[in-house]
Amino acid sequence: MTAPSPQSISAARGAHRLAALLLGMGTLHFVAPKPFDTVIPTELPGSPRFYTYASGVGELATGALLAAPRTRRLGALAAVVLFIAVFPANVNMVRLWWSRPWPVRIGAIARLPLQIPMITAALKVYRNSQSV
């Protein structure tokens with residue numbers, strides 16, 4: 001049996017961090033859905049709560065995939081897709097919060113570029129995880 005490479009150890013740590021983030025946020029979508037409902041674009045058909053719960057399920061499933069070594073690569077790809085998919089809600093949050101006090105606006109704007117390191121972290125996990 002060979003020792004794991006430094007890259008695979010780093011990928012596992014990154015996967016566990018992303019999994020914890022996604023599992024935590026996914027849980028919040030069910031425990032406290034109202035704040036998530038408010039940033040769903042009104043242009044989408046149906047109830048905002050449907051999209052809140054659907055994204056919560058997506059986050060929980062992606063977090064679970066990342067946590068398990070056998071599904072880690074798939075989970076990393078799912079995370080990339082998820083982080084891209086929720087970007088419009090983050091843009092909508094900036095639009096909706098534009099009239100709020102400047103610290104709130106800055107917080108909403110600051111979320112936008114944070115998607116980039118999350119996407120790159122997921123890609124790093126994908127590249128450095130071993131296929132099973």
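**Exercise 1. Helix H5 and its packing**

Determine which helix the buried residues of H5 pack against in this predicted model.

Solution. Start with the extent of the helix: H5 covers residues 87-96. Next, list its buried positions, which are Ala89, Asn90, Asn92, Met93 and Val94. Then look for their packing partner: these buried residues of H5 pack against H6, the helix spanning 102-128. Finally, check the confidence: H5 has the lowest in the protein chain, with a mean of 87, while the chain as a whole has a mean pLDDT of 90.

**Exercise 2. The surroundings of Glu59**

Find where Glu59 sits, which residues it touches, and how far away the nearest side chain of opposite charge is.

Solution. Confidence in the protein chain is highest in H3, at a mean of 96. Second, collect the contacts, leaving out residues up to four places away in sequence: Glu59 touches Leu22, Leu23, Met25, Gly26, His29 and Leu82. The nearest side chain of opposite charge is that of Arg111, 7.5 Å away. Glu59 is therefore buried without a salt bridge.

**Exercise 3. Ala85**

Decide whether Ala85 is buried or exposed, and state its distance from Ser55.

Solution. Ala85 is part of helix H4, residues 72-85. Its relative accessible area is 51%. The cut-off for exposed is over 50%, so Ala85 counts as exposed. For the distance, compare sequence and space: Ala85 and Ser55 are 30 residues apart in sequence, and their C-alpha atoms are 9.2 Å apart.

Conventions
Residues numbered from 1 in each chain as written. Predicted model: local features only at pLDDT ≥ 70, side-chain atom pairs only at ≥ 80, totals over all residues. Heavy atoms only, no water. Buried < 20%, exposed > 50% of the residue type's maximum accessible area, 1.4 Å probe, protein only. Helix = DSSP H or I, 4+ residues; strand = E, 2+ residues; numbered from the N terminus. Contact = heavy atoms within 4.5 Å. Lys, Arg positive; Asp, Glu negative; His and termini not counted. Salt bridge = Lys/Arg side-chain N within 4 Å of Asp/Glu carboxyl O. pLDDT = per-residue confidence, 0-100.
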